Amino acid sequence: MDERDMLGASLFATVRFRIGGDRMLLADYGQGVDPAVNERVRRMAALVNGTGHPAIEAVVPAYCTLAIHYNPLATDPETLMHLLRDLEQHLESAAVPEPAVIDIPVCYGGAFGPDLEAVASHNHLSSDEVIRLHSHGRYRVYAIGFSPGFCYLGGLDPRLATPRLTTPRLRVAAGSVGIGGDQTGVYPLASPGGWQLIGRTPLSLFVPQRDRPVLYQAGDSIRFRPISAEMFARLAAEARP
Amino acid sequence: MKAALRILAAGAGPTVQDLGRRQARHLGIPLSGALDDYAHRVANWLVGNGAGCATLEMTMLGPRCEVLAAVDVAVTGAAMGLRLNGAAAPQWTSIRVAAGDLLELGTATNGCRAYLAVSGGIAVPKILASRSTSLVGGLGGVQGRALMAGDLLPAGAGPLLASPRRLPWTPLYPDHLVLRAVAGPHDHLFRHHLDDFFDQAFTFSPQSNRLGCRLSGPTVALDPGAPASIVSEPVASGAVQVPADGQPIVLLNEQTIGGYPCIATVISADLWRVGQARPGDRVRFVPVSLEEARQAAAQWHDFLAATERLLTAGRESARC
């Protein structure tokens with residue numbers, strides 16, 4: 001039997017474990033891109049962090065999976081599996097803070113969003129409609145990774161889905177907001193990139209020296225708030241150290 | 001804080017590294033850290049530092065540096081033809097240098113990465129509890145980047161050694177590696193070919209860096225019907241990722257999340273060996289159980305502790 005065969009639901013009845021070498025245990029709570037699965041991962045991450053277990057070095061949530069990075073000299077996977085099963089039993093009654101909703105101001109179009117019109121024409125929409133649809137969405141941060149502060153967002157309106165550029169740009173500015181296939185997101189750092197760029201935020205999403213280096217956590221939601229070029233300039237000036 | 005070294009020529013992009021940034025991976029901030037943590041630790045112990053002090057990690061081609069202050073230095077890891085003021089100088093030993101001295105490293109002739117420690121440790125600012133450079137994240141080390149000619153490396157406060165220190169043996173890095181690995185986390189997608197993977201030899205490709213080592217060799221095929229990419233999930237250092245072309249990549253310390261299946265994971269006690277692999281070196285993976293991996297980790301820990309006792313002879317090390 002394939003363990004991954006599911007009967008309709010994507011949330012697993014109970015956790016399934018996998019081994020990622022002698023320093024990482026993976027706990028799967030479901031499959032696919034599903035807010036209910038990701039919410040369970042988020043709550044479990046909060047509970048595991050709450051234990052302050054000295055052998056646990058890092059707790060990394062993603063779409064369906066929670067990774068426990070541990071010191072193999074101080075604990076073993078059986079102990080950690082027992083801990084996770086135990087915590088899951090009390091998941092419903094445990095007090096876990098609700099996910100935050102983070103507003104990210106975005107100046108759409110113009111030099112900040114050179115592909116706004118391409119996204120509009122691909123989807124037979126006007127640029128204003130693209131901005132309206134994109135800024136009315138609420139996007140769940142399913143995972144943070146790939147690069148510091150980069151968030152994997154869910155919830156893009158299917159009417160905005162646009163293929164990636166055939167030739168990626170060598171440099172995309174930090175704060176650029178883009179659409180790639182059925183995903184949307186923000187580039188926290190300047191990097192090469194193949195997404196269609198529709199705007200830019202003046203916020204610095206990743207500042208390693210800041211108390212909170214990244215403004216959101218996995219499981220939080222993001223809303224994009226349209227701002228003018230003047231507002232962009234003002235917020236950018238305020239953000240400068 | 002005193003500047004200890006000035007980089008005159010950088011070689012192949014050296015970076016400042018310590019034992020890594022363990023607690024920020026949930027933010028996508030990678031582990032980073034010395035890829036051969038054994039050579040890194042020994043370099044520190046040789047100059048009176050604790051293992052967690054920052055060293056300079058140099059890959060394949062070393063830098064040329066001017067000494068700006070009296071410090072003890074040690075170069076460990078890959079054999080890089082260390083020279084002091086033009087004369088050949090030993091690696092794996094402490095060397096007292098003075099302002100005006102010239103330290104030069106050349107091309108690695110055995111191993112891939114050398115480590116330069118300075119008494120007091122390289123005192124760049126700590127970011128999120130580590131001085132390690134992450135090139136991917138543009139943080140740590142010197143402005144989050146590889147060193148360039150003209151950069152100054154500050155040293156922390158640390159006493160000079162009362163007497164020189166030397167590792168009584170010289171580690172050699174074989175060009176045929178055997179790496180112990182635990183199957184998974186996606187071995188269930190490779191059931192038909194798991195034995196093949198563990199039987200075959202692969203070659204380290206020149207397309208390797210701190211993110212990962214690309215291997216070439218027999219194609220590692222997914223089972224029929226298995227997905228070529230997965231919903232992104234966290235990855236561990238040492239994960240052997242298999243992208244769609246079937247040529248594996250050993251992931252190192254610069255990635256927190258991945259979207260390709262991983263057939264096996266190199267055990268933590270063997271990871272340092274990957275850091276010394278050169279393009280063209282051969283590698284075979286040997287399957288071990290998690291219990292064997294745990295025992296290997298414990299033995300490795302004991303060996304590190306014994307090496308530390310031998311080099312420090314119980315003297316206190318500088319904390320960085």
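Begin by selecting residues 37-46 and residues 290-312 of chain B in this predicted model: these are helices α1(B) and α4(B), whose axes come within 9 Å and cross at roughly 20°. Because angles under 35 degrees count as roughly parallel, α1(B) and α4(B) are therefore roughly parallel to each other, and α1(B) passes α4(B) in a right-handed crossing. To see where the two helices meet, show the side chains of Arg41(B), Val42(B), Trp45(B) and Leu46(B) in α1(B), which face Leu304(B), Thr307(B), Glu308(B), Leu311(B) and Thr312(B) in α4(B) as contact partners. Sorted by class, this contact has five nonpolar, two polar and two charged residues.

Stay in chain B and turn to the open sheet, in which five strands follow the order β2-β3-β10-β5-β8 with antiparallel pairing. Its edge strands are β2 (15-17) and β8 (94-97) of chain B, each of which pairs on one side only, while the twist averages 30° from one strand to the next. Within this sheet, select residues 55-59 and residues 110-118 of chain B, which are β3 and β10 and pair in the antiparallel sense over four bridges; here Glu57(B) stands opposite Tyr115(B) in β10(B).

Methods: Residues numbered from 1 in each chain as written. Chains lettered and ligands numbered in written order. Predicted model: local features only at pLDDT ≥ 70, side-chain atom pairs only at ≥ 80, totals over all residues. Axes fitted to C-alpha atoms, helices over the stretch in contact; angles between N-to-C directions. Parallel < 35°, antiparallel > 145°, perpendicular 65-115°, else oblique. Left-handed = near helix turned anticlockwise from the far one by under 90°. Contact = placed C-beta atoms within 7 Å. Nonpolar A, V, L, I, M, F, W, Y, C, P; charged D, E, K, R; others polar. Pairing = 2+ DSSP bridges.
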